[in-house]
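Here's a quick briefing to read with the model open. Have a look at the fold and the ligand sites first, then work through the points below.

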Amino acid sequence: MQLTTTELGVRPFSKERYFGGHGACPGCGAVSMLRQVMQAVGPRAYYFILASCAGSYFPGEFTVCDSSIVFTVYAAGFAQAEGMSQALELRGRTGETVVAYSGDGGAFDIGLGGLSGIAERNANVLVIVNDNQGYQNTGGQQSGGTPRGIITKSTQPFHQAPPAARNRKDLLEILAAHRVPYLATASAAFPRDLDQKVKKALTYRGFKLVHLVTACVNWGFESRLAIRVARLAVETGFHPLYEIEGGRRYRITHEPAFAPLEEFTGLQRRFQGVDLALLGRDAAERWEDLRYKAAREWPAAEPSSLG
Ligand SMILES: Cc1ncc(C[n+]2csc(CCOP(=O)(O)OP(=O)(O)O)c2C)c(N)n1
Ligand code: SF4
């Protein structure tokens, strides 16, 4: 007798690559982003997950997606992904995608050496950075991606640089200096833009990275508001959407409404007491640099040196 998948309790794979059953906090803004990323990446993909909240997006007890998932550590995760892409290439398996998935703590800080290494070697890996602006899986400590002025659980009053003297790292600028094929920012609140960027990234052979700011409930907003918070991050100019090809060609992909920053910060407890003038100045400077670089003229027939 042959049992059906329903009788066996097996959920058949559908068009959905990521089909739910995650163990993230209710209202987590990263889950929708991950679902969109997996959909855009498509089947036949290997995900190397550096230690982060993503451990709960793929609970070990049951299958929530149709791709292979490898949980790994900060120091080795990016190099493992590179090794996997080389192993596939040696076997002539060109139709498979290798993704390294990291939090901001992994990419901006603890794994930055490994990330720089695979960027320098132009490893054929897609890196997804889930930037929830802190070490959130361990309760919300400060990372190199935490905006200045925010008091996290690890902020030491006596050792903390004053907000005016500190700034968050600009990961894309660090990687642009490596002259890698493709870099982009994206947001779960802009699904078409996100989809296009992941698909475009995968047209390049070599290193590519998509940096997403995702809303985390540790920021202190109502759990139903994650996508609105993510959208306001973009529409206030706090998280610009753009791409960089070959480390030099900048293109702004969404012109924000430049809504007042307070519309974004006012929904979150973490910004209470933070000097918004400083944050606003940071955003304005970033936009000034972006517009300057995006306005640069390129010869029409300039061949793509990478890719
Ligand atoms: C070398 C090392 N230090 C600390 C930890 C403990 N740890 C596990 S997850 C995590 C937080 C990760 O933060 P981030 O990379 O920003 O991802 P998020 O949890 O915010 O998604 C930490 C500190 C670890 N696994 N390895
Ligand atoms: S701590 Fe934040 S990023 Fe992590 S699962 Fe919860 S809401 Fe998502």
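**Overall picture**

A compact globule of 307 residues would have a radius of gyration near 19 Å, and the protein comes in at 20 Å, which agrees; that radius is taken over C-alpha atoms, and the globule rule is 2.2 Å times the number of residues to the power 0.38. Bear in mind that this is a predicted model: local features need pLDDT of at least 70, side-chain atom pairs count only at pLDDT 80 or more, and totals for chains, interfaces and linings use all residues. Residues are numbered from 1 along each chain as its sequence is written, while chains are lettered from A and ligands numbered from 1 in the order in which they are written.

**Fold and packing**

- You'll find eleven helices and eight strands in the protein; these are DSSP runs numbered from the N terminus, with helices being H or I of at least four residues and strands being E of at least two.
- The C-alpha trace spans about 70 × 50 × 35 Å along its principal axes.
- Of the 307 residues, 44% are buried, where buried takes 20 or more other C-beta atoms within 10 Å of a residue's own, exposed takes 12 or fewer, partly exposed lies in between, and C-beta atoms are placed from the backbone.
- Among contacts with a separation of 6 or more, 70% come from residues 24 or more positions apart; a contact takes C-beta atoms, placed from the backbone, within 7 Å.

**The core**

- The largest nonpolar core has 81 residues, and Val99, Tyr101, Val125 and Leu183 have the most contacts inside it. Such a core is a set of buried Ala, Val, Leu, Ile, Met, Phe, Trp, Tyr and Cys residues joined through C-beta atoms within 7 Å.
- Helix H2 (residues 29-41) gives the largest share of this core, eight residues.
- Beyond residues up to four places away in sequence, Leu183 touches Leu172, Leu175, Ala176, Leu209, Glu243 and Ile244.

- S5 (residues 182-186) pairs with S7 (residues 242-245) in the antiparallel sense over three bridges, with Leu183 opposite Ile244. Pairing here takes at least two DSSP bridges between the strands.
- S7 also pairs with S8 (residues 249-252), antiparallel over four bridges; Glu243 stands opposite Arg251, and Glu245 opposite Arg249.
- S7 and S8 make a hairpin with three residues between them, and Gly246 in the turn has a positive phi of about 60°.

**Ligand surroundings**

- Ligand 1 has 16 residues around it, with Ser52, Cys53, Gly103, Gly105 and Asn137 coming nearest; a residue is near if its C-beta atom, placed from the backbone, lies within 6 Å.
- Helix H5 (residues 104-110) supplies the largest share of that shell, four residues.
- The ligand 1 shell splits into five nonpolar, ten polar and one charged, counting Ala, Val, Leu, Ile, Met, Phe, Trp, Tyr, Cys and Pro as nonpolar, Asp, Glu, Lys and Arg as charged, and the others, Gly among them, as polar.
- Around ligand 2 there are seven nonpolar, five polar and no charged residues; including Cys25, Cys28, Cys53 and Cys216.

**Ala75**

- Ala75 is found in helix H4 (residues 74-90) and counts as partly exposed because it has 14 C-beta neighbours inside 10 Å.
- Leaving aside neighbours within four places in sequence, Ala75 is in contact with Gly111 and Gly114.

Technical notes: Contact = placed C-beta atoms within 7 Å.
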